[in-house]
Amino acid sequence: MVPKNIAKEHIEKAILEIDSNGVRKGRHSSTYDLLFNGKRYPPKLVVSIANRFANGVELEPNDFEGGKDTSAFELLKMEGFEIIPKTDPVKLLVENYKKLISKTQLQDEIYKWKLVQDYKGRPDTTAIDFSREIKEVKFNNLLYAMGAAVINHIAKEKPEELRTLFTYLFDESKDLFLRTTYFNEETLKLYRSLGETLSHHQDERTIATYLTYHNPSKYTFYKSSFYKKYCKLIGVNEGEKNKKYVHYLELINQLIENYIKPDIELINQVKGLLPEYYDGTNHKLLAQDILYQMLDKESSVSYWVFQGNPLVFDFETALKQGLLTDWTVSAHKERIKIGDKVIIWVTGNESGCYALAEITSEPHLKTPSPDDHLWKGEDKSVLKAELKITHNLVDNPILKEEIQSIENLKDLKIGNQGTNFTATVEEYDALLELINSRESSFEKLITKLDIDDFRNYIVFLKEIVRKFHLTPGDDRLVFSIRDNSLNFIIGQRYCWNLFLTDPKGKFGVISKDPLIETSGKFEGAGPVSYYTHFNDIDSINSNIDSIESALEDELNRTKKSSFRKYNNSDFENYVFANNPLKANNNTMEMSLNTILYGPPGTGKTYLLKNKYMPLFTSSENSITRDEFLKDIIQNCSWWQIIALAVLELGKTKVASIFNHEFVKIKAQLSNSTTITPTIWGQLQGHTIEECEHVKVQRRMPPFIFNKTDNSEWEILVNEVKEQAPELLELKAKIDGFAHIPNKKIERFEFLTFHQSYSYEDFIEGIKPELSDSDISYKIEEGVFQKMCNRARNDSANKYAIFIDEINRGNISSIFGELITLIEDDKRDGKPNQIKATLPYSKKPFSVPNNLYIIGTMNTADRSVEALDTALRRRFSFIEMNPDPETLNKLEFKCDGIDLSKLLNAINARIEKLLDKDYCIGHSYFMTIKDKNKPLEELKDIFKNKILPLLQEYFYGDWGKIMLVVGKEFVYKKVEPIKFLSNDLDDDYEEYNDKPIYSFVQSTNWTLDSFKSIYE
C-alpha cells in the first residue's frame, strides 16, 4: 500500500529531483505517464521518491502496484496530477498487424509456416548422405539465391567438413554468438578452399534460417532491415557486429512476452487463419511475421505536408517537449496510411519546416493527446493520424527564405489555407538533404570549402570583429551555418557570407552603396543597404569604406537579433579564438594541431627548430631518473630491454624479468598487454644454438641467452661483447646517469613526409626480420604510435611530433583512422574521447592530450599532394609570408645593395604573374656572411636557388622570368640555327623565328645588375 500522508509538495519535490537527475535505468513507465507542466514522468518512480520526502524511505518498485484504479494512481489524481496513457509504438504495430491480416488472411506469408513444418529438424546432421540432405532442404526466398547455391556447392565438394560445422552450429551447449561466428568464418574457409573468391553469403540471415528450420521452438527468421527498424522504433541500440541475431532473439522474446501472449485476440485470429501450422503455443514465427510485414514488406510510400498555425497551437513547445504525437486530418483521409512521410510546416512570421515525421496509424477519431493543453483555442479536429517525429528541427528550422532558391522545393504546397497537402519524394528528399548537411557541423562544412577562400573569409571577419570591438555572445550577432554557406548576420540582415557553390559568386557582402550593377537592395525599414556577390577578396577590400559604413549602421540600429537562437557556437568560437600558436619562455598556448604554411624561404623549418623544439626539450639536471630511463628505453627494442634486465638480475626466471623496472617502462611506452609472451618469445628467439632446453627452431641473432638445467635464464656476457656490444654501452649509460653532463631529453620527433611515406611508417606495420636461414615478420610501432605512448605515460610534460613538408605525403593514407582521433575533443580524457582498433596489432588506440602535431607546408610546391580536406579542418594554420623588413636589420644589411627592396621587387612581380603563394622568402638572403663584399654570395644565391625556382614556377617561360629579373640575368640568343635537310614535306621555317633564351653567365653579374631589379 502507498502511505496516505504523501502530499502534493512531496510529489512536486520528486518531480524536481527527476528533472535534475533524469529517470533511473529500469524505472521508465510502460503503460502510463504522469503529465506535469507539459512533461512526462514515470508515475511509480514519482510515488517512490515522494515517499522519501514524506516518510524518509524510498519505496521499491515491488512495494506497491501501479496502473489504473490502484491506490498509487488514485493518490496522484487526488492531488491534482494527470495520468495519461503512454503512446506505445509496439502496441500500435501489433494492432495494425491485426487489421492487416484480417484483410490479407496471411495468404502471402503462409508458406513460411508450411516450410518450417515440412523441414523441422533439418538439416539432419546424422543423415548418411549429408550432401543429399542439404540438397533436399528447400529454402525458397528465405535465403539469398547465392547463399543457397554456395551451401549446396560446399555440401557437394566437402560434405563431411560441412556436417561438422552444422553439428557445431546446432549444439545448444555452446554460446550462440560463438556458434554463428564460427560457422560464418569456417564456411568461408571451406568455400575459399574450393578456389572461390566471391562472397559466401553465410551471414546472420542465412544462419538464422538454418537454426529456425532445425529448432523452430527456439529460433526464428531474421533480416537486418526490419531488425534495424524495430530497434529504432523502440529506441534501443543495435547489437554489435556478429551479435545482431543474438540481440534480435532477445527482442523477439520480449515482444512475445509483453505483447503476443497477453493478446488472446491476436492468437485466436492467427490460429483461425493457420489451423494446420499454428496452435497458439509457439509464437516465434508470428513475432517475426509482425516485424516483417509491418516494418519491412515493401509498400508504396506517400508524402505529405502537414501545416499548422502557431496562433492556434503552440508547436514550438510541443516539439521541444516531445509531445507532438498526432496531427489533424482534414483532407486526403482515405489516402494517408502507415509509413507515409510527412513534412511538418509551421506558418507565421518565421514560417518553415520544423520537423519531418512518419505516419504510425491510419486516420481515426480524435482521442486525448499529451499536447491537448497547448491548443490556444478549441481543438476542432475530428480525425487525427498518429505520427512519430523523425527529425526535430525546432531549434533550427528550415525557414521559407532558405528554400526559395532550391529547384526541387519551389512548388512545395505551403502557405495556403488548410492542414494536409500532398508532397513529392523529391521535395521530402531535398529537405532531408538540407538537414543532413546541417548535421555535418561547422567543422565538416569548412572541409568542403576551398582553403584560401575560407582563410580570406575568416581574416576579413576577424577584421570586422576588431574594427567594431565585437565580443562573444553579442545578442546583435548571429554566426550561422547552412548547407552550403557560412553566414555572419547582424540583426536579420546577412552581412558577410561565404558560399560553397553559388553561381552569383563565392562571397556575399553588405554595403552602403550599390557596388556593381547586380547589387541587390535590402527590403524593409532601416538604413538603405545593398548586397553584392563577388568571386575574389580583392573586390571586397577595394570597397571597404562602403562595407564598413553599412556594418556600422546595422550595429547601431540593432539591439537583439531574433535569429540568435540559430547561432552556431563552434563557428562563433572559431572567429573569437586567439591566435593558434603562442610561445613565451617555457609556457605554451598553442593548438594541439598546427601547420605553418607559406612560400619557400619564409623560415618555417627554422622556426620549428629554433623556437618550438626547445619548448619540448629538457636538460639532464632538470629531469628525474625515471624520465632519463624512458628516454633511453623508448629507442630500444624488446630484446635489448630484456637483455639489460637479465644483465642486472643474473640467472633469473621470467617472472622476475617481468617485474624489472626496465621491462615495466618498456611495456608502458609500447602500450603492450602481452608482456609475458613477448619475454618468452624474445628469450627463446635469441638463445644460443647449443641450448638443449629450448625447442624453438627459428632463432635470430644476436644469440646471447641460455636456459639452464634449473629452467633459469642467463645472458652470456662474452657473446654480448662479440655480437651486441651496444648493450654494455647502454648499461654503462644507465649506471652513470648522475655523471652525464649537459644531457638533453628531447620530447619530440622530427620527420619529413614524402610520396612513399606510409601508414606502416607512421602508425604501425608488419616489418621483416632476417636470420641466417629464414625470414619472419613482426608488428612494429610507427613513429607516431611511439610518441603517443611516450606522451601518455608522462602526462606531466608536453610532447610533439614535427612534420616537415606535411603536404608531400598522401595524408589520408598515412593518418588512416587517426584523422578523427587527433581532434582536440576526441583525445584522451576529453568529453568525446574515441578509441580505434589498430588493423595489425588489434590494440585499442587513442591520442593523448599532451601530444602536439606541428607541421610545415610549402604553398608553392607543385609536385605535392593537395592537403587532405579531412586533415585540413583539424589543424590551425599560421601563415608565414616573406618579411623583407627583416633584411633591413643591421645583422643582415649588406654594402652596395638593398636586399629588402630587391626582395620586394621580385615578389611584387611574382604575385602579379602568379599569386602570393609563389613569393620568395627572406631567408634566402639571410645567409650572406661577408656583409662588406656580398657580391659572390649573392651570385651563388641567384644562380643556385632563385633562378632555378623561377624556372620551376614559370615552367620554363623565359619571357616571364625576364619580366621578374630583367635583361641583366636573361638574354635572347640571336645566332642562327641550321637544320639538317630532310625529305619530309613539313615546313620548319617557323622555327627559325622562335626565340631562344638563356641565363647570363654569373661571372658577368655585378652589384649594379642586382640593383637594376628594383631601381
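**Strands, a cavity and a helix pair**

Reader: How many bridges join strand E20 to E32?

Author: Strand E20 covers residues 593-598 and runs parallel to E32. Strands (E, at least two residues) and helices (H or I, at least four) are DSSP runs numbered from the N terminus, and two strands pair if DSSP finds at least two bridges between them. Within this pairing, Ile 595 stands opposite Phe 877 of E32. The number of bridges is four.

Reader: Which pLDDT must side-chain atom pairs have in order to count?

Author: Residues are numbered from 1 along each chain as its sequence is written, and side-chain values use heavy atoms, with hydrogens and water left out. This is a predicted model, in which totals for chains, interfaces and linings use all residues, local features need pLDDT of at least 70, and side-chain atom pairs count only at pLDDT 80 or more.

Reader: Which strands stand at the edges of the sheet?

Author: The sheet is open, with five strands in the order E25-E28-E31-E20-E32 and parallel pairing. Each edge strand has a single partner, so one side of it is left without a neighbour in the sheet. The edge strands are E25 (748-752) and E32 (876-879).

Reader: Which helix packs on the sheet?

Author: The helix touches E25, E28 (799-804) and E31 (851-858), contact meaning heavy atoms within 4.5 Å. Its direction makes about 160 degrees with that of E28; such angles run from 0 to 180 degrees between N-to-C directions, and axes are lines fitted to C-alpha atoms, for helices over the stretch in contact. The helix, residues 783-792, is H32.

Reader: Which helix gives the largest share of the lining of the largest cavity?

Author: A cavity is a set of points on a 1 Å grid over the protein atoms alone where a 1.4 Å probe fits but cannot get out, and lining residues have an atom within 4 Å of a point. The lining here consists of Gln 634, Lys 666, Leu 669, Ser 670, Glu 781, Lys 786 and Arg 790. Two elements give two or more residues each, helix H27 (661-670) and H32. The largest share, three residues, comes from H27.

Reader: Why is H4 called roughly perpendicular to H14?

Author: H4 (residues 89-104) and H14 (residues 284-296) pack with their axes 10 Å apart. Angles of 65 to 115 degrees count as roughly perpendicular. H4 is therefore roughly perpendicular to H14, as the angle between them is about 85 degrees.

Methods:
1 Å grid on protein atoms, 1.4 Å probe; cavity = no way out; pocket = protein on both sides within 12 Å on 5 of 7 lines; lining within 4 Å. Parallel < 35°, antiparallel > 145°, perpendicular 65-115°, else oblique.
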